[in-house]
Amino acid sequence: MTCMGHAGYADAGEDIVCAAISMLVINTINSLEVLTDAKMQVDVKEDTGRIGLVFEEDLKKDGVLLMDSLVLGLKSIVKQYGRQYLKLKFREV
């Protein structure tokens, strides 16, 4: 999973869309670390707004559930604020 850039909904520090996306992504990563045994690597670049997450092995049921919850939350943001602020891309790996 890669989360890149800023939403552009409002000025930096006041962008509620960017804050919501960041919160969902960071909370999911924290939940994966604390609540599952998922093996993963996380790479954060605050200056560019990039968060990278790579799983080192297939997720178990609990990890899949957390990732599904993240997708649900992100889709809700797209539905409420529009694709101009958040574009979701999915690919099979």
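## Helix against helix

Axes here are lines fitted to C-alpha atoms, for helices over the stretch in contact, and angles run from 0 to 180 degrees between N-to-C directions. The model is predicted. In this model, the axes of helix 1 and helix 2 come within 10 Å and cross at roughly 175°. Angles over 145 degrees count as roughly antiparallel. Helix 1 and helix 2 are therefore roughly antiparallel to each other.

Which residues make the contact? From helix 1 come Ile16, Val17, Ala20, Ile21, Leu24, Val25, Thr28, Ser31, Leu32 and Leu35. Helix 2 supplies Asp62, Gly63, Leu66, Met67, Leu70, Gly73, Leu74, Ile77 and Tyr81. By class, the residues of this contact divide into 14 nonpolar, four polar and one charged.

## The hairpin

Strand 2 and strand 3 form a hairpin, with four residues between them. In the turn, Gly49 has a positive phi of about 75°. Six bridges join strand 2 to strand 3, which covers residues 50–55. The two strands run antiparallel.

Lys45 stands opposite Arg50 in strand 3. Val44 stands opposite Ile51, also in strand 3. In a regular strand, side chains alternate between the two faces of the sheet.

## The largest pocket

Rolling a probe the size of a water molecule over the atoms shows where empty space is left. The largest pocket has a volume of about 1600 Å³. Its lining comprises 45 residues. Which of them lie nearest the centre of the pocket? They are Met1, Thr2, Cys3, Leu74 and Lys89.

Strand 1, helix 1, strand 3 and helix 2 (61–81) are the elements that give two or more residues to the lining. By class, the lining of the largest pocket has 26 nonpolar, eight polar and 11 charged residues.

Note on methods:
Residues are numbered from 1 along each chain as its sequence is written. This is a predicted model: local features need pLDDT of at least 70, side-chain atom pairs count only at pLDDT 80 or more; totals for chains, interfaces and linings use all residues. Side-chain values use heavy atoms; hydrogens and water are left out. Two strands pair if DSSP finds at least two bridges between them. On a 1 Å grid over the protein atoms alone, a cavity is a set of points where a 1.4 Å probe fits but cannot get out, and a pocket is an open set with protein on both sides within 12 Å along at least five of seven lines; lining residues have an atom within 4 Å of a point. Grid points are joined across faces, edges and corners, and a volume is the space filled by probe spheres set on the points. Ala, Val, Leu, Ile, Met, Phe, Trp, Tyr, Cys and Pro count as nonpolar, Asp, Glu, Lys and Arg as charged, and the others, Gly among them, as polar. Angles under 35 degrees count as roughly parallel, over 145 as roughly antiparallel, 65 to 115 as roughly perpendicular and the rest as oblique. Contact means heavy atoms within 4.5 Å.
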